[in-house]
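Please keep the viewer open as you read.

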Amino acid sequence: MRPEMVPPLDALPREAAEAFLSQGKELVVPAETVLLKAGERPAEHLYLVLEGEVALLRGQARVGTLGPGEFFGFPSLLSGEPPTFTVKAKTQTRLLVFPREAFQRLMTFHEAARFFSKGLVQRIQLETVPEPSLFTPLGQLVRRPPVFISPAATVKEAAQKMRAERISSLLVEGEPLGILTDRDLRNRVVAEGRPSATPVAEVMSAPLFTLPAETPVYEALAVMVERGIHHLPVTQGKAIMGVITHSDLVLYQSQSPLVLLRRIERLDLRQYSLEVARLVRNLLESGLPPSGIGRVVAGLNDALIRRLVKEAEARLGPPPIPYSFMVFGSEGRREQALLTDQDNALVLKEEGHEAYFQALAEAVVEGLIRAGIPECKGGYMATRWRMPLKDWLSTFRKWMEAPEPQALLETQIFFDFRSVAGELSLRPLEEAILEGSRKGVFLYHLAQAALAFRPPLGFLGRVRTEEGYVDLKRHALAPIVALARLYALMAGSRALGTEERLKAAAQGGTLSQEGAERLGEAFAFFFGLRLKAQLEALEKGAPLENRVLWEALSPGERRRALEGFRAIQEVQESTAARFQLR
């Protein structure tokens, strides 16, 4: 992490930031070290976390967690009163410690004064507002009704209205409704040099994406990370009751993925994997469902790819033709565990410009490697997989019409695709897959593939292990993913997530409701079990893998695993009978 890139230092003149940082002394403390104690002496220093984590404690209860790039000690410095919270290192933590005088000089800058004043308000709110769980309905977070503006209003009028109302977004009237945020004003008006008389309609975002008031906080977090948005309108029936912001969710979930999302643009790539692992551990401890964690990690990876693409384009120049940087496999399905291998490719509008796109692919792939996301062992990366759209279409059709073993493997990998960056639409590929799924021969071969990996059930339904281990990816997750893909395509659905595919299959009548529910429950359990095992390996410094030691599982976990294996076996047997496969 580069301290000069941490807010508010990134907004100061370079000389001022350097002068402030030169007064900091580095301090490394072991886990459980108490750095400030509630109710005792006022703070004498300002602290900046460089590595590790500290907890904010009210008594023994944790009300917040601070990680790299975050300050503490300033509320007591500003008030002159003893700290309200005890601050304790959760892990070995590296800090920069600044004397009171350095902080006071820093506060003479408007940007710093505004930043720490806002931070003080947030800490006060932590004192007075109990931290709800990740399952709290969004409606409980709405603080005020929405404020609207006409699409014909100017951006100057919009900015004035935001300032007067002390808000960071306005809903834009019309059909459909739109939204204008402070980020839109910064990125689409100021950065592009548009005049203050520009109509709001030219820079707003529409149509409006909303979530109902009963949506739990964890679902909102996942959606906002996926979409890269920081403002979320909340509906009650057909009416919009208010707008939830990034800051609202950060206050209610101290280790918010939205914090990391906002920092990705300036994050040292070498810190990315550590930050994600820390975030995943906290989300898992907070009770976020494993499938939600997979979506969050995929959303963060998407944001990282967009950053790398943007940096490559800035260096190489504007792309000569439209293209799409697409991801597939578990990233395409938004089912990311820790440090899953890369799976990506480039789709070009037409042939040519090889040097440009080779350089772009290399920049993104190498950037992901630096961020701790390893190369794909099978070579399924944009540095090798790069074709015009028409060639992708012919390749997809060839795989579907006469799928040989290798083609069938690539079908299963590539058909779970999404576009992450670039302007080229991949709709023609989606239509080609749906067209192919209406042909019996392709579905027959997909059914074969869904039976390739069987659950490890032996005589009398006992679990067979390999040297005491069970491979969760090969014998649990992969068969569920394959079955869900098959039955969703049979139902004419292009849903990507495994759980969404199972629901689509049940709704389309291609899979029984009971079968879909049992597979969905098994998938969530096995995904969470693998995530938990990978986190434990990471903490021990052991290699990350997909296997778990069977005897190390609790009796309850072994029982649920058996139920999941039996659900897979039953649906596979039904599939074999349906397609006459033995």
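A salt bridge here is a side-chain nitrogen of Lys or Arg within 4 Å of a carboxyl oxygen of Asp or Glu. By this rule the count comes to 35 salt bridges. Before looking at some of them, note that this is a predicted model, in which local features need pLDDT of at least 70 and side-chain atom pairs count only at pLDDT 80 or more, while totals for chains, interfaces and linings use all residues. Residues are numbered from 1 along each chain as its sequence is written, and side-chain values use heavy atoms, with hydrogens and water left out.

## Salt bridges

Side chains of opposite charge can pair when their charged atoms come close.

| Pair | N to O distance |
|---|---|
| Arg 2 and Glu 4 | 3.0 Å |
| Glu 165 and Arg 144 | 2.7 Å |
| Glu 545 and Arg 547 | 3.1 Å |

How exposed are the partners? The scale is relative accessible area, where buried means under 20%, exposed means over 50%, and partly exposed is in between (1.4 Å probe, protein chains only).

Glu 165 forms its salt bridge with Arg 144, with the closest N and O atoms 2.7 Å apart. This pair links distant parts of the chain, 21 residues apart: Glu 165 sits in helix α5 (residues 155–165), and Arg 144 in the loop between α4 (110–128) and β9 (148–149). Helices (H or I, at least four residues) and strands (E, at least two) are DSSP runs, numbered from the N terminus. Glu 165 is partly exposed, with a relative accessible area of 30%, and Arg 144 is partly exposed at 35%.

Elsewhere, salt bridges that share partners join Glu 53, Lys 90, Glu 275, Arg 278 and Arg 281 into one network.

## Cavities and pockets

Rolling a probe the size of a water molecule over the atoms shows where empty space is left. On a 1 Å grid over the protein atoms alone, a cavity is a set of points where a 1.4 Å probe fits but cannot get out; a pocket is an open set with protein on both sides within 12 Å along at least five of seven lines; and lining residues have an atom within 4 Å of a point. Grid points are joined across faces, edges and corners, and a volume is the space filled by probe spheres set on the points.

How many cavities of 30 Å³ or more does the structure hold? There are five. The second largest cavity has a volume of about 90 Å³, and its lining includes Asn 301, Glu 331, Asp 343 and Ile 373. By class, that lining has four nonpolar, five polar and three charged residues. In this scheme Ala, Val, Leu, Ile, Met, Phe, Trp, Tyr, Cys and Pro count as nonpolar, Asp, Glu, Lys and Arg as charged, and the others, Gly among them, as polar.

The second largest pocket holds about 1300 Å³ of space. Of its 44 lining residues, the closest to the centre are Arg 333, Asp 343, Ile 413, Lys 473 and Ala 478. The elements that give two or more residues to this lining are α12 (329–333), α15 (405–414), α17 (440–450), α18 (472–490) and α20 (513–540). Among the contributors, α18 gives the most, with eight residues. The pocket lining has 23 nonpolar, nine polar and 12 charged residues.

Arg 333 is found in helix α12 and counts as buried at 13% relative accessibility. Contact means heavy atoms within 4.5 Å. Leaving aside neighbours within four places in sequence, Arg 333 is in contact with residues including Asp 416, Val 481, Arg 485 and Arg 501.

Glu 557, in helix α21 (residues 555–578), is buried at 15% relative accessibility. Setting aside neighbours within four places in sequence, Glu 557 is in contact with Phe 525, Leu 529 and Lys 532.

Pro 42 lies in the loop between β2 (34–36) and β3 (45–51) and is partly exposed at 34%. Pro 42 and Gly 80 are 38 residues apart in sequence and 6.1 Å apart in space, C-alpha to C-alpha.
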